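Here is a colleague's note on the model shown below. Please read the points with the coordinates open.

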Amino acid sequence: MAVLTMNSNSIFSLTIAAFISLLMGCNEGNKLSLSERSIIYCSEGSPETFNPQLSTSGTTSDATAKQLYNSLIVYKGKNNTLGPSLAKSWHVTRDGKKITFYLRQDVSFHQTHYFTPTRLFNADDVLFSFNRILNKDHPFHHVSGNQYPFFQSVKFSELVEKVEKINDFTVRFILKRNDSSFLANLATDFAVILSAEYGQMLQDKRAEHEIDISPIGTGPFKLEDYRVGSLIRFYRHESYWQEKAKIEQLVYDISPSKTSRLTKLLAKECDVSSYPIAHAKIAERSDLQLESITSLNVGYFAFNTKKEPFNNKLVRQAISLAINKQALIETVYQGQAAWAKSILPETSWAYDKNTPELGYDPVRAKSLLEVAGYPQGFIMDIWAMPVQRPYNPNAVTMAKLIQADLKKIGVTVKIISYEWSTFLRRLSQGEHQSFLLGWTADHPDPDNFFTPILSCSASELGNNRTFWCNKEYDQLLEKALQTTNMDKRKGYYAKAMAIINEEMPLLPIAHSKRFQARGFDVEGDILSNFGGISFYNAAKNTINNEAKSIVQSKIAEEASN
Amino acid sequence: MLTFTLRRLSLFIFTMLVLTLLSFSLSFLFPGDTVINHSGQINASTTELAHLNQVYQMDKNIFHQYLAYLSHILNGDFGQSMASQSPISNEIRKLLPATIELSLVALLIAMLVGIPLGFIAAIKHNKTSDNVILSLAMLGYSIPVFWLGLLAILVFSIGLGWLPSAGQISLLFEIEFVTGIQFFDILLSDSPYKWQAFRDASAHMILPACVVALAPATIFIRLSRASMIEVLAASYIRAARAKGLSFQQIIFRHAIRNALIQIIRHVGLQFANLVTIAMVTEVIFSWPGIGRWLIDSIYQRDYTAIQSGLLVLSCFIFIVHILTDFIYAALNPLARGNKHGS
Amino acid sequence: MAREKIYLEEVFPSPFMQLWGIFRKTPVAMIGFCCFIFLIFLAIFAPVLAPYTPVDGNLDMILLPPAWHADGNVSYLLGTDELGRDMLSRLMYGTSLTFGLSFIVVIFSLVIGVVIGSLSALTRGIKSSFLNHFLDVVLSIPSLLLAIIIVAILGPGISNTVWAIAIVFIPQFIHITRYAVKEEFRKDYVLASRLDGASNFRILYYSVFPNIVERLMSQATLAQSAAILDIATLGFLGLGAQIPLPEWGAILANGLERFYIAPWTVYLPGLAILFAVVATNLVGEGIRHALKLRKEN
């Protein structure tokens, strides 16, 4: 009888073992299964392009910059100091006008089904990448729309006189004037290095536009497959100049719906999810973890200052006064964000505590409207972005709250939302009256807030969708860039903040954290303080071993019976 | 059979003409420039626009314009999507098979579940099991499909963790696109993970297919019940019974066949219903089919995509309709002679 | 002094009253009927009955679970949503949108459909044949798909949804009226009144309509349940009722984001839709059942 039980017991445990191995899909002995060698990332949208030079959208940087490319220098460590990347070291002359980079000599480009490199990375690639932005005669300058929004907003081409090749592994940037944010700009996600050889090949094939669709870079992953609106598949770059990435395959599952991202995360269909909602639900699951990072960002409600009635400063002030910011922060950010007094977050060194602020005062708002000539109120539209960004996790809900607030002062609001890329395109054409958007800094220099969001140059070409252009403000920014004296810079930026809060081209709402959720089996840092995410350090720990050990302990237990 | 075929063929051509005419007129009904709605080229330069005007014969009268549009459609040129600026025929080629796959599997499930249940209800007419089946059918018919889909995901994907909630297959598997029907493509591929992929694809299919199948299944229950009751009351069944045939013999030899024929007639109409349900289900289960794409196009006001998507979808529905008509006619000689049957 | 009746007058209830007699004796149908009346009542009096407004939220009471839950609050019986709006009030107002509008749509398309249908039943020849084919094509397209097409043309919004659904249902009513009227016209009693010299219109009004009204009602309940589902589905897809409107499908879609932390924002509107459709279908079943029984007698 005892033997019989024993037998049925071992059969039982064998069945469990077989079932678990079936479940885990491991049928190749020691080799890790497909899912253990890969990571699926549920991302919030499709990238606009595969070249981060061309776009400032966070979705695009997330999908491209740190996966496919490297830049010359990077931000490293807790203190955000500049460190080497493709450039081993660099040297700045005393007047700050000549910067020499000494390049690594062992960096190889991606080999893919559309390109096979014959040489390693050298100075030509650096020249090719930067001249594409700087030089109007460059064969690739006009490819893909001729827009380099980040570089245009920091006036890169006005700043850089030229880029010189000293020898194969040395390049020198010659600037027209000293610019304290120049190195910081080169360390952003946008200043990536493309392959000159690939460019040449495309030129021979007369397929120049391919360069931004089928990218070649030096980064830890290479592009394998992209289906618009559905997925991006990356393979590991096997001959990466640093240690290889730990995972072999990286898949971006493009899921714009917040709920479907959460569902996939809960159902373990994706390993990592961007901008998760329902934090409480994730926290109560033992197999998931929620992480956040303080990112330098600002969510704002902005006005089209070129359109009626928002070309009137008083109307802008009135609307701003009527909005209950505290309620927005509590409802939309669930309290997980800091009140924004100005566009610059408190954590920045240039932040000035004494910035004046309008506050919440619907009565004054009403009287301001009367002064401005709108005693009966008016009808306006608010464009709420359709995607979740760290600076605004739910623009549509925010718009609804603002709608309720403004109703109290007699302003009727229509909420408009388009698919993300359509939204951005229409916004750039200035079809809107007001909009909810935000900005995530690409590097810790305060200029990265002031210039790209509200400068005149950004209103013509870049991200300034308020189309607000103030000469005094621009002059302050320029002065701040020409000095390296921190106190002086701080003073200029304080004045700039005061101008913004007086003129009210936009109402800063909150500085928030960026959230991400992942399964407990995913290890390694993915989020970074500035710019896009990176999967270079991410890895899966092997559940298989865990499952096997459970089965073995079960068998051992039964044997001892 | 020949006259029947000819009549169906003329009906087919007539309907296609009506459908293309409808889709053609949509370009005029939608806001914006007609030729841009036809072609989807929103960023066309003046020279390109002039060229488009010429290709679509916009300077001639409406009849020529329609002919030009028709010739584009017949050449497989649906213009390009306003949102993605890629040719719509490519997108449809990629998306339609997924919808076909989902709706065919769902139809199969609906018939396999619905028809036997209906027969049982008919045989146990006016008994408890009949009433239970009928009330379940009514409940199934009344549940809003999007709600059902959400509940199914909550229970089976998240609560129990048995089945995946989104997509056609786990994105880890790379299956080359050959036919577009996922199961065939997996079998044709030379992936080392073929069987894993097949299992994964089947798991992904179960929930959406069952959700789509529920409402049509309840209709099949009612149809098959009604048709079986009618057959059982027919005189040839009474004759068979009088001859002393056993109950099983009567049901399996005589009744089922005749009842089935009546049901097949309705499959075409039910399929149209099923495809609509599938459109909503695709949205909930992120199924990469044409329904989700079409609804997305409506959100994005991608008029070119809407008009071509509708054309293709309604052609697909209509073709299935005609096919079931043929099957019905092949099985039932009486239907071929019926002059007004359609 | 009143005259004594010397014979018992045989009372023939009208066909409609006969039907009601049978209908009344089916308990399930009566339950459905009561629910149906209740919904109509709610649809009309929601603004009076609802404890709060459906659009303005109380930001201190965000995502409150229903009252029976430990964290619930009795003054918000069914909980609140992410903007602190009372779910009960939203669902009550939603009754007039989803259920009420579908009822109006059905009555509207019924009237139009019956007028066109009975007129066309009296015509013959090419006009009639064309209409026949046209109806066949239109009827073979599922109502939701057709509604989606029409909304795509008109643009999203609740009023466009209502128009779309009306346009979808009119052909159905034309078809059934036409068929029923033609069938009745072949019967002897119509011939009899025709021999009496009654005009077509008189026959239609006095003889035919009383005999087809139940069939129309049965079709109307089918249409009503389809209309509820269609309005809700379009609302859910974001093509119907727009953002602040408390339409059931739109409430559900709105709650979707918080499905996992506030499941009642999804369960409740779903249940409301289910309740309305089941009630409508029960009434329909009851009518059809009664019709069958009346025929058998």
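The numbered points below go through conventions, chains, interfaces and domains.

1. **Conventions.** This is a predicted model, in which local features need pLDDT of at least 70, side-chain atom pairs count only at pLDDT 80 or more, and totals for chains, interfaces and linings use all residues. Residues are numbered from 1 along each chain as its sequence is written, while chains are lettered from A and ligands numbered from 1 in the order in which they are written.

2. **Chain B, overall.** Chain B has 14 helices and zero strands. Helices (H or I, at least four residues) and strands (E, at least two) are DSSP runs, numbered from the N terminus. Along the sequence the pattern reads α-α-α-α-α-α-α-α-α-α-α-α-α-α. The C-alpha trace of chain B spans about 85 × 55 × 40 Å along its principal axes.

3. **Chain C, overall.** Chain C has ten helices and zero strands. From the N terminus its elements run α-α-α-α-α-α-α-α-α-α. Its C-alpha atoms fill a box of roughly 75 × 60 × 30 Å, again along the principal axes.

4. **Chain B against chain C.** How many residues of each chain are in contact here? The count is 28 residues of chain B and 28 residues of chain C. Contact is a C-beta criterion: the C-beta atoms, placed from the backbone, lie within 7 Å. On the chain B side, the elements giving two or more residues are helices H1 (2-29), H6 (128-142), H7 (145-159), H11 (247-284), H12 (290-299) and H13 (303-331). H11(B) provides the largest share, six residues. By class, this side of chain B has 21 nonpolar, seven polar and no charged residues. Here Ala, Val, Leu, Ile, Met, Phe, Trp, Tyr, Cys and Pro count as nonpolar, Asp, Glu, Lys and Arg as charged, and the others, Gly among them, as polar.

5. A straight helix of 38 residues would span 56 Å at 1.5 Å a residue, but H11(B) spans only 45 Å between its end C-alpha atoms. The expected span is 1.5 Å times one less than the number of residues.

6. **Domains of chain B.** Chain B is divided into domain 1 (21-74) and domain 2 (89-336). Such bounds come from an automatic or database domain assignment. The C-alpha centres of the two domains of chain B lie 37 Å apart. Their contact takes eight residues from domain 1 of chain B and five residues from domain 2 of chain B. On the domain 1 side, H1 and H2 (34-39) of chain B each supply at least two residues. H1(B) gives the largest share, three residues. That side has two nonpolar, six polar and no charged residues.

7. **Chain A against chain C.** This contact takes 14 residues from chain A and 13 residues from chain C. On the chain A side, helices H8 (258-266), H9 (279-284), H11 (325-332) and H13 (395-407) each supply at least two residues. H13(A) gives the most, four residues. The chain A side divides into eight nonpolar, three polar and three charged residues.

8. **Domains of chain A.** The assignment gives domain 1 (42-254 + 529-540) and domain 2 (297-513) of chain A. Their centres, taken over C-alpha atoms, are separated by 31 Å. In contact are 25 residues of domain 1 of chain A and 23 residues of domain 2 of chain A. On the domain 1 side, H4 (149-153) and H6 (182-186) of chain A each supply at least two residues. The largest share, three residues, comes from H4(A). The residues of that side divide into seven nonpolar, twelve polar and six charged.

9. **A helix pair in chain C.** The axes of H1 (residues 15-24) and H8 (residues 200-236) of chain C come within 9 Å and cross at roughly 30°. H1(C) is therefore roughly parallel to H8(C). Angles under 35 degrees count as roughly parallel. Axes are lines fitted to C-alpha atoms, for helices over the stretch in contact, and angles run from 0 to 180 degrees between N-to-C directions. C:Pro15, C:Phe16 and C:Leu19 in H1(C) meet C:Pro210, C:Asn211, C:Val213 and C:Glu214 in H8(C). By class, this contact has five nonpolar, one polar and one charged residues.

Note on methods:
Two residues are in contact if their C-beta atoms, placed from the backbone, lie within 7 Å. Angles under 35 degrees count as roughly parallel, over 145 as roughly antiparallel, 65 to 115 as roughly perpendicular and the rest as oblique.
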